[in-house]
Amino acid sequence: MAEPATKNPVEEQKVVDEGIDVGISRLTEDKIEKVINQVLKGETGARLKTYVSTCIHCGLCSEACHYYMSNDKDPKWSPVGKIKQTIWEMIRKKGRVSPEFIRRAVEIAHTECNQCRRCMQFCPFGIDIAYLIGMVRRICHKLGVTPRYIQDTVHSHSVTMNQMWVKGDEWPDTLQWQEEEARGEFPKLRIPLEKEGADIMYSVIAPEPKFQAQLIYQAAAIMEVAGVNWTMPADKGWDNSDMAMFTGDNEIMGRIKRTHFETASRLRVKRIVMGECGHAFRSVYDTGNRWLGWSQPPIPIVHAIDFYYELLKGNRIPIKEKFKEPVTLHDPCNVVRGGGLGEKLRYVAHALCETVIEMYPNREYNYCCCAGGGVINCGPPYKLKRVKGNRVKAEQLMDARTRGAKVIIAPCHNCHSGLKDIKDYYDLHMDIKFFGDIIYKIMEKPE
Amino acid sequence: MNDIYQFVSGPLAWVAFILFIGGSLYRVIAMIAEVKKKEPFIFTYMSLKYSLRSILHWITPFATYNWRRKPVLTVVTFAFHICLFVSPIFLLAHVTLWDESWNIRWWTLPDGSADIMTLIVMASCVFFLVRRLTQREVQFVTFVSDYIILGIVAAPFITGFLAYHQWFGYPILMILHVLAGEVMLVAIPFTRLSHMLFSPFTRAYMGSEFGVIRKSKDY
Ligand code: HEM
Ligand code: SF4
Ligand code: SF4
Ligand code: SF4
């Protein structure tokens, strides 16, 4: 297998990140000690203790991690290596660690782990490294030390209940604008706002109205062609994304998710269908709902993959002609390892595309894209580390490309952006698409 | 010499077994009680089916993705753990002791097989040691305590092997062997050897999370 080319191998520079630098400058060892113990004693229990005392230090989780594999198997990137450099040390020193230690801990927790949970499938004891790293983030959050870019998105969540500072009227304006555009092509198309009792509430992540409004257009077109009885909320609660989950700001996570679920229940819909996003699925389906005390989501959550599966299986989307270019599939961790949608993803891919070329490993064993878990949201200062930290993904993609794949299907926003950076950095020359892009392209449209 | 032997194999053995059994019960009960108190939601997700699915996969050689990826380690660790349990429990000399003191007996291993099993345990310990010393990812997370733990596990087998073959200093070796065995028993609940106690629970929880919520595999 050919090695992907690497561009300008610059040395890693010292990162300037105000969110961290300023936060660290305000810390003292006393304060750190107090916060760490408060979190460890007050917010964790037998789970953390058992994970820490059961780990036999065997290193078997190492090769699960794309960071470890991509950084020449340097052990400081291994899952257990990252735990050693953070939580073990905090426990060993009973919380009394230095501000510089916290600087390194925040870097590890936020920019060197995607919480992709692949290592949990490798550990013979099923030790939940992602949870442990999440606790480190929680501690850093309580210390006021979080990378600036992602912290900004959390501020936005807190103020606007969406991730991208989309203001009150911008949201319905964007929907109306997309509706008008789409009516050029589908004269009867509506984006029904606030339709009580609709079958489905469709929710998206805030970057869609902000930068990728065409995705809303496409979704509306698919709903129209498939004849779905759907709606979108006109006010807060439309955004299903959640960066607070990744900064350990559980309180804000709870607020966002409650707003989302309450909006759906206000609209009396039967189900929430969400766009092609992995982390949002994790938040709505696995993490946020549980923080709120619902063992399962209070309203059924259907990820776009599952929804397209349903539509295609029921022949509700007439296809003109299958997508010609050979595609390969990226399994987003949060919906495949975290939601079991691997087979449905393949059904949809085969229903839409002529040639599907698998990457290896795949399905629940797939390597993460290295963007998830809030890592890409920590912004440009960490981009180089992120793309270099996923050389294995580039190799996987390269391998699929040598076997003919031209297009990568990545049904997750973060994966999408992360893979784009990887393909640019390693000169892979492949296109990346959502399922929505492909369905929109190949479905039958009115003349 | 005989007095010392009587002491280590008498009162001290009692102490060791009490600490081992009592300590193990304490650790497990304390863990469950803490879950009840602080994280009771965990019980909501526990599923017998997925717990067993996970545990059975992980205690079967090559039944998990990672066991298949690491064939040598898999063979060694399974051989090690099986011999570790089987040889002391079914060793004729040990069963005889139980028989003499409590009048209970069970099936025993032929001495030759027990000898081979002991050799397997010792060789595996050497393998783990070499791994710790040479593999960077293991070395990085190794503490002095890891060597001590390995030593604690190897010691009863080394001393037992030497005592059985009676190459030298039988009485003293016998005393050391009994002591080493007692140290190992006591170490199980109070060191990372407690993975024996906790692994069924961590596996069951992760298996349940993956089965019930994530609908995918944790193996
Ligand atoms: C049901 C019980 C047990 C299970 C499921 C279990 C499982 C494991 C696993 C998965 C490993 C890591 C893989 C490896 O490095 O080989 C391991 C390592 C180990 N276990 Fe166990 N184990 C059990 C009982 C015990 C007991 C009773 C002892 C000793 C008293 C023990 C001693 C060790 C040692 C010494 C290692 C190697 C650590 C190293 O790499 O240095 N195990 N065990
Ligand atoms: S990035 Fe994924 S595999 Fe690596 S440590 Fe984090 S959760 Fe584990
Ligand atoms: S595989 Fe599990 S037990 Fe082994 S070092 Fe990693 S976390 Fe610890
Ligand atoms: S961004 Fe995609 S691949 Fe990465 S963690 Fe999320 S779902 Fe996984």
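Guide: Welcome! Let's start with a definition: a disulfide is counted here when a pair of cysteine sulfur atoms lies within 2.5 Å. Keep in mind that this is a predicted model.

Visitor: How many disulfides does that rule give over all chains?

Guide: The general idea comes before the count. A disulfide is a covalent bond between the sulfur atoms of two cysteines. In this structure, the count over all chains is 0.

Visitor: Is Cys83(B) buried or exposed? And what about Cys125(B)?

Guide: For that, check the relative accessible area, where under 20% means buried. Cys83(B) has 5%, so it is buried. Cys125(B) is buried too, with a relative accessible area of 5%.

Visitor: Now to helices. At what angle do the axes of helix 9 and helix 14 of chain A cross?

Guide: Find residues 148–160 for helix 9 of chain A and residues 250–266 for helix 14 of chain A; their axes come within 10 Å and cross at roughly 45°. These two helices of chain A are therefore oblique to each other. Their crossing is left-handed.

Visitor: Which residues meet there?

Guide: From helix 9 of chain A come Val154(A), His157(A) and Ser158(A), and they meet Ile252(A), Arg255(A) and Ile256(A) of helix 14 of chain A. Sorted by class, this contact has 3 nonpolar, 2 polar and 1 charged residues.

Conventions:
Residues numbered from 1 in each chain as written. Chains lettered and ligands numbered in written order. Predicted model: local features only at pLDDT ≥ 70, side-chain atom pairs only at ≥ 80, totals over all residues. Heavy atoms only, no water. Axes fitted to C-alpha atoms, helices over the stretch in contact; angles between N-to-C directions. Helix = DSSP H or I, 4+ residues; strand = E, 2+ residues; numbered from the N terminus. Parallel < 35°, antiparallel > 145°, perpendicular 65-115°, else oblique. Left-handed = near helix turned anticlockwise from the far one by under 90°. Contact = heavy atoms within 4.5 Å. Nonpolar A, V, L, I, M, F, W, Y, C, P; charged D, E, K, R; others polar. Buried < 20%, exposed > 50% of the residue type's maximum accessible area, 1.4 Å probe, protein only.
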